[in-house]
Amino acid sequence: MKWARVAAIVFLVVVSAACLLADFVAPAPYSHQFRDVPDAAPSRQHLLGTDDLGRDRFSRLLYGTRVSLLLAPAAALLSSLLAALIGGTAGFVGGWLQRSVMAATDLFLSLPWLFLLITVRALLPLNVAPITSVLITFALLGCLGWAAAARVICADARTLGSSDFMLLARASGSSGFRLLWRHLLPNLKPILFAQFWISIPVFILTEANLGILGLGVAEPLPSWGSLLRELESFSAFSGHPWQFVPLILFIVVVSCFHLALQKQELSA
Amino acid sequence: MRRFARHAARILIILLLGGFLGATLVRLAPGFGTDEEELDSRLNQQSIQALRQSHTNDGSLGQFYLHYLTRLLHGDLGTSKTLQQPVTRLLAERFPETLKSVGMGLALGWSLGLALAIVAVMSRSWFIDLFTSLAAGALLCVPAAVLALLFVIAQAPGRLVLGLVVFPKIFRYARNLLARSASLPHVLTARAKGLGGFRVLLWHILPVAAPQLLALAGVSVSLAFAASIPVEVLCDLPGIGQLAWKAAMGRDLQLLVSLTMVVTAVTLVANSASDLVGRSLREGAA
């Protein structure tokens with residue numbers, strides 16, 4: 001299945017490049033309204049037609065994909081760093097700290113993910129600027145998604161802590177920060193990288209769920225959640241099959257992440 | 001009995017800690033202690049003062065949590081700000097609906113996932129394995145909310161969505177577990193001695209995989225409850241998922257925290273039950 005993995009990575013690179021260059025590739029800004037052609041069918045001017053407000057769907061898809069594809073990895077990075085800090089330190093120090101951290105992760109993992117997320121989201125203002133809503137959504141995902149990864153990292157750090165090379169390093173006089181920085185962290189890298197990759201599709205899916213429920217990124221800024229929300233207006237009688245293009249792209253991109261991460265899981 | 005008590009104590013501690021976390025969120029949330037009624041121009045200064053006084057009675061966070069716990073022990077979960085009804089009544093009305101959806105979803109997800117995993121492993125056909133893995137993989141990439149929307153468009157019963165959310169996770173885990181059990185030496189020996197496929201599965205593969213499969217039962221309950229939010233909102237099912245969404249949109253933290261605690265309690269009980277049954281199965285096998 002090596003070819004499938006390579007194809008998945010190439011596809012992700014192409015989609016990411018197209019989204020990063022959205023300012024040049026997109027035929028119109030994401031919020032520009034073509035008021036004379038609302039809900040139009042695909043044409044040469046509007047490759048995927050326009051939405052109810054006359055906004056170009058192709059442009060919104062490019063910008064929306066950019067938001068999700070840039071910020072989901074950022075949130076995954078944040079959660080992996082938190083997991084490394086909390087789980088790594090707990091595993092390295094051991095004793096009561098490890099037990100306390102494990103109890104905290106137990107508590108976090110017992111709370112159903114979406115319930116916890118919307119509870120904390122509801123704490124923050126709902127009527128905010130689009131950019132703020134993007135930052136709030138992904139920062140929340142990053143801050144609340146560390147528990148499972150911390151558990152894995154803590155267990156790994158514990159195993160590494162009692163390994164031969166660590167004992168040798170201790171016997172050679174290394175201690176504290178040097179032991180952590182020079183010996184433990186480099187060996188935790190593969191597992192951290194795997195946790196980072198695993199988190200990306202999870203966060204993309206969660207953002208989509210939140211967006212469809214109206215608790216994600218605020219209009220007019222598009223994200224996959226808000227783009228998929230448009231399916232609400234789909235009717236079998238009106239027959240606008242191009243409305244499914246964002247969903248197809250979404251499924252393909254998330255599948256590509258799953259295909260690409262198999263390698264990371266194995267190497268970890 | 002000791003194990004049971006340990007599990008019960010663990011659930012209690014987690015719920016107390018979770019309750020404290022929830023109470024902290026409610027107490028420290030912006031807008032705590034203020035009331036829309038204060039904007040009523042008919043109220044005089046004394047009435048407004050009395051209203052404020054009623055909110056500040058809870059004092060510090062510790063006192064607030066103590067009041068919260070006392071009310072909880074008396075079965076009073078407070079009043080919903082958005083729906084102006086006692087939370088206990090809302091829960092009593094809506095919880096059975098969610099239990100029905102979650103129960104149906106779990107039954108569908110488990111039967112579909114387990115059946116396909118058994119077919120994929122026992123048939124030893126690459127085509128069936130690829131087809132079932134692709135179907136599960138594709139469903140794994142679709143958000144629960146999109147599945148619910150598609151069911152609304154197709155005018156299909158929304159409760160089935162929960163089954164499709166649970167199915168891919170059960171299938172993947174069960175398939176890997178059964179495949180690993182099927183390659184164990186004693187299973188290969190049984191096959192070589194000419195034992196039929198059904199007997200190999202029933203007597204040699206499933207007993208080995210059962211304790212680990214049971215561990216997944218608790219996790220699947222949590223999954224189904226989480227997915228009930230988008231499903232109930234989009235398919236218009238009046239359960240606690242829809243209630244949680246309404247509470248989030250109205251920033252009704254009292255209701256949200258109570259809902260989260262109830263779902264957490266159910267999840268913890270399911271996890272502990274699957275753990276206890278799994279352990280006794282393992283001990284029985286040993």
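**Close-ups of a predicted two-chain model**

**Helix α6(B) passes helix α9(B) in a right-handed crossing.** A crossing is right-handed if the near helix is turned clockwise from the far one by less than a right angle, and left-handed if anticlockwise. This is a predicted model, in which local features need pLDDT of at least 70, side-chain atom pairs count only at pLDDT 80 or more, and totals for chains, interfaces and linings use all residues. Residues are numbered from 1 along each chain as its sequence is written, and chains are lettered from A and ligands numbered from 1 in the order in which they are written. Two packed helices are described by the angle between their axes and the distance between the axes. Here the axes come within 8 Å and cross at roughly 25 degrees. Axes are lines fitted to C-alpha atoms, for helices over the stretch in contact, and angles run from 0 to 180 degrees between N-to-C directions. α6(B) and α9(B) are therefore roughly parallel to each other. Angles under 35 degrees count as roughly parallel, over 145 as roughly antiparallel, 65 to 115 as roughly perpendicular and the rest as oblique.

**Ala144(B), Ala145(B), Ala148(B), Leu149(B) and Val152(B) form the α6(B) side of this contact.** From α9(B), Ala227(B), Pro230(B), Val231(B) and Leu234(B) meet them. Contact requires C-beta atoms, placed from the backbone, within 7 Å. The residues of the contact of α6(B) with α9(B) split into 9 nonpolar, no polar and no charged. Ala, Val, Leu, Ile, Met, Phe, Trp, Tyr, Cys and Pro count as nonpolar, Asp, Glu, Lys and Arg as charged, and the others, Gly among them, as polar.

**Helices α3 (residues 57–93) and α7 (residues 147–161) of chain A cross at roughly 40 degrees, with axes that come within 7 Å.** That angle makes α3(A) oblique to α7(A). α3(A) passes α7(A) in a right-handed crossing. The α3(A) residues in the contact include Ser79(A), Ala83(A), Ile86(A), Gly87(A) and Phe92(A). Those of α7(A) include Ala150(A), Arg151(A), Ile153(A), Cys154(A) and Asp156(A). The residues of this contact divide into 11 nonpolar, 6 polar and 3 charged.

**At the chain interface, 34 residues of chain B are in contact with 31 residues of chain A.** On the chain B side, the elements giving two or more residues are α1 (2–28), α5 (126–140), α6 (144–153), α9 (197–234), α10 (240–249) and α11 (253–285). α11(B) supplies the largest share of this side, 9 residues. The residues of the chain B side divide into 27 nonpolar, 6 polar and 1 charged.

**Chain B has 11 helices and 0 strands.** Helices (H or I, at least four residues) and strands (E, at least two) are DSSP runs, numbered from the N terminus. The C-alpha atoms of chain B fill a box of roughly 90 × 50 × 25 Å, taken along the principal axes. The radius of gyration of chain B is 24 Å, whereas a compact globule of 286 residues would have one near 19 Å. The radius is taken over C-alpha atoms, and the globule rule is 2.2 Å times the number of residues to the power 0.38. Among contacts in chain B between residues at least 6 apart in sequence, 74% join residues at least 24 apart. Buried residues make up 33% of the 286 residues in chain B. A residue is buried if 20 or more other C-beta atoms, placed from the backbone, lie within 10 Å of its own, exposed if 12 or fewer, and partly exposed in between.

**Ile128(B) sits in helix α5 of chain B.** Ile128(B) has 15 other C-beta atoms within 10 Å, so this residue is partly exposed. Leaving out residues up to four places away in sequence, Ile128(B) touches Val119(B), Ala120(B) and Ser123(B). Arg282(B) is 154 residues from Ile128(B) in sequence and 31 Å away in space, C-alpha to C-alpha.

**Asp39(A) has a positive phi of about 55 degrees although it is not a glycine.** Asp39(A) lies in the loop between α2 (22–25) and α3 of chain A. With 13 other C-beta atoms within 10 Å, Asp39(A) is partly exposed.

**Asp236(B), also not a glycine, has a positive phi of about 55 degrees.** The loop between α9 and α10 of chain B holds Asp236(B). Asp236(B) counts as exposed because it has 9 C-beta neighbours inside 10 Å.

**A cis peptide bond joins Glu219(A) and Pro220(A).** Omega is about 5 degrees. Pro220(A) lies in the loop between α9 (176–212) and α10 (224–229) of chain A.

Notes: Contact = placed C-beta atoms within 7 Å.
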